Amino acid sequence: MQEAQTSPRAWTRWSDWVEVIVGVVALLSPLLWLDTSTKTMWTMVILGALIAVDGVVSLAAPRQMASETIQAVLGVLLFIAPWVMGFASDSGAAWTSWIAGGLTIVASGLALPTMNTMHRLTGQH
């Protein structure tokens, strides 16, 4: 009975909703709001889509601790993308990437203690 009270319900974790929204914004930015190169556009579209999809997966199956780690890695990749992919001088795309990557890292980091607690509680039968 205690496990049911401590287990998160699907579609309710705020950090996963943040990741979905941030991923969609990163995905749509070069398509709708920013004038970018093809390489920059695809970098942001792919990383944004991966962040959004992983956020949806986390929302649907909130017990998956690996998902938060994947989110953090994707956030780091989006954050460093302007330097690695060579669009740091494109201020709109770079700032969008840095902010979206940073928010993804923070949201996944804030969700990890919750996931660790749930993992310990559900592991004790």
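The model is predicted, so local features need pLDDT of at least 70 and side-chain atom pairs count only at pLDDT 80 or more, while totals for chains, interfaces and linings use all residues. Residues are numbered from 1 along each chain as its sequence is written, and side-chain values use heavy atoms, with hydrogens and water left out.

Side chains of opposite charge can pair when their charged atoms come close. The structure holds two salt bridges; the term means a side-chain nitrogen of Lys or Arg within 4 Å of a carboxyl oxygen of Asp or Glu. In one, Arg13 pairs with Asp16 at 2.9 Å, N to O. Glu68 and Arg13 form a salt bridge at 2.3 Å, N to O. This pair links distant parts of the chain, 55 residues apart: Glu68 lies in helix 4 (residues 65-84), and Arg13 lies in the loop between helix 1 (2-6) and helix 2 (14-33). Helices here are DSSP runs (H or I, at least four residues), numbered from the N terminus. Together, Arg13, Asp16 and Glu68 are linked in a network of salt bridges.

Where do these residues stand in terms of burial? Arg13 counts as buried because its relative accessibility is 9%, and buried means under 20% relative accessible area (1.4 Å probe, protein chains only). Asp16 is buried at 0%, and Glu68 is buried as well.

The buried residues of helix 2 include Asp16, Glu19, Val20 and Pro30. Helix 2 also has a kink of about 35° at Leu27, shortly before the proline Pro30. The bend at a residue is the angle between axes fitted to the seven residues ending there and the seven starting there.

Notes:
Buried means under 20% relative accessible area, exposed over 50%, partly exposed in between (1.4 Å probe, protein chains only). Helices (H or I, at least four residues) and strands (E, at least two) are DSSP runs, numbered from the N terminus.
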